[in-house]
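Please keep the sequence and the coordinates at hand while reading.

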Amino acid sequence: MGAPAPDTRTPPTAPPTAPPGTSAGPGTPSAPPRAGIAGLPFGQQIVAALALALIAVAAGTHLAIVFLHVAPSNTLTKQHSEVIDKWVYPEFEQNWKLFAPNPLQQNVAVQVRAQLRGEGGDTFVTGWYDLSALDGEAIDGNLLPSHTQQNELRRAWDFFSNSHDNENRATGLRGALSERYVRRIAVMRLERLRAERPDERDGVIERIQMRSVTTNVPPPPWSGESADRKPTFRQLPWWLVDEDDKPLDAAGDPRAGDGRTEAGSR
C-alpha cells in the first residue's frame, strides 16, 4: 500500500485583530455605550457633577436645619435660632401633635368672606366661603392628594393662631409674617373661586375677613366620654388687601386692584 497523499488544504487562520486605539471593523462586536454621567462629554460631566454636589449640599443643609428645629433646646439651636426660624417658617414648620399623648380632637374649618367694590363704586360683602371644606372635597377619593391641598391652609392657620393671643394680637416677632401669609392664601383662594364661578367675578376685592369654626370630634362609644358638639368661632378683624396680596396673571401684574399700598386691619 502506498503512502497517503499530502493534505494540500490551507489551514484556517484567525481573524486579524485591530491594533490598540483603532476601531474594530464591521462584524466585530463593539463595547456597549456608557450610560449616565459617564456617557457625557467631559465638560458636561463636570457640570453634572457640580449640580449633583450642590443638590446634595442643599438637601443636607435643609435636613440639618429641620433636625435642629425639632431637636430639644441645646447650644446650637440657641446660637442659631434666628437662622433656623427664618428657614423653617412658615413653609417647613413641623407639627408633632399627631404623636402627642393627647392628639388633636377637634375639627377646625377656616372660612373667609370679602368686601368687593363694583365698577360703579358700590361695595358689597360676600357670604362665607368654607376653604377647609373645599380642600376636603379635593382630597376625598384622591389617592395622591397634593401637599398644598392637605396642609397649606391648615398650617397657615396654625401658624397665625400660635403667633396671636385670643384678642388677635401678635405675641411674637412672627406675628406680622403669619398675618401676611394667611391673608395671601385666602386672597389667592378667593380669586380662584371667582374665576371658576363667572357669576361671582364682578368687583375688586378691597378687604377680607377670616374666621375659624371649631367643633369637637365625638369620642367613640366605648370610651364613655362626652364632648360638647357646639361649634366655637374665632373671627378676625377686616384686613385691607394690597397689590402684594393678590395673585399674578400671566403678564406678572396683579389681576385686579385699586392701588392700595398698605395692608392693615380695621
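Which residues form one aromatic cluster? They are Trp157, Phe160 and Trp239. The structure holds three aromatic pairs, where rings of Phe, Tyr and Trp (its six-membered ring) pair if their centres lie within 6.5 Å, and planes under 30 degrees apart count as stacked, over 60 as edge-to-face and the rest as tilted. The pair of Phe160 and Trp239 is edge-to-face, because the ring centres are 5.8 Å apart and the planes stand at 75 degrees. Phe160 belongs to helix 5 (residues 147-162) and Trp239 to strand 6 (residues 239-240), so this pair ties together parts that are 79 residues apart in sequence. Phe160 is buried at 1% relative accessibility, and Trp239 is buried at 3%; buried means under 20% relative accessible area, exposed over 50%, and partly exposed in between (1.4 Å probe, protein chains only).

The model is predicted: local features need pLDDT of at least 70, side-chain atom pairs count only at pLDDT 80 or more, and totals for chains, interfaces and linings use all residues. Residues are numbered from 1 along each chain as its sequence is written, and side-chain values use heavy atoms, with hydrogens and water left out.

The protein has six helices and six strands, arranged from the N terminus as α-α-α-β-β-β-α-α-α-β-β-β. Helices (H or I, at least four residues) and strands (E, at least two) are DSSP runs, numbered from the N terminus. Of its 266 residues, 26% count as buried.

Trp239 also takes part in an arrangement with a charge: the charged end of Arg183 sits over its ring, 5.6 Å from the centre. The charged end of Arg211 likewise sits over the ring of Trp128, at 4.2 Å from the centre. The criterion is NZ of Lys or CZ of Arg within 6 Å of the ring centre and within 35 degrees of the ring normal.

Side chains of opposite charge can pair when their charged atoms come close. There are nine salt bridges, each being a side-chain nitrogen of Lys or Arg within 4 Å of a carboxyl oxygen of Asp or Glu. One of them joins Arg117 and Glu206 at 2.9 Å, N to O. That pair links distant parts of the chain, with Arg117 in strand 1 (residues 106-117) and Glu206 in strand 4 (residues 204-216), 89 residues apart. Arg117 is partly exposed at 23% relative accessibility, whereas Glu206 is buried at 8%.

Helix 5 holds both Asp158 and Arg155, three residues apart, about one turn of the helix. Their salt bridge has its closest N and O atoms 2.8 Å apart, and both residues are buried. In the salt bridge of Asp245 with Arg184, the closest N and O atoms are 3.5 Å apart. Asp245 lies in the segment after strand 6 and Arg184 in helix 6, so the pair ties together parts 61 residues apart in sequence. Asp245 is buried at 3% relative accessible area, while Arg184 is partly exposed at 37%. Asp135, Glu152 and Arg189 are linked in a network of salt bridges.

Phi of Asn168 is near 65 degrees, a positive value in a residue other than glycine. Most residues other than glycine have a negative phi.
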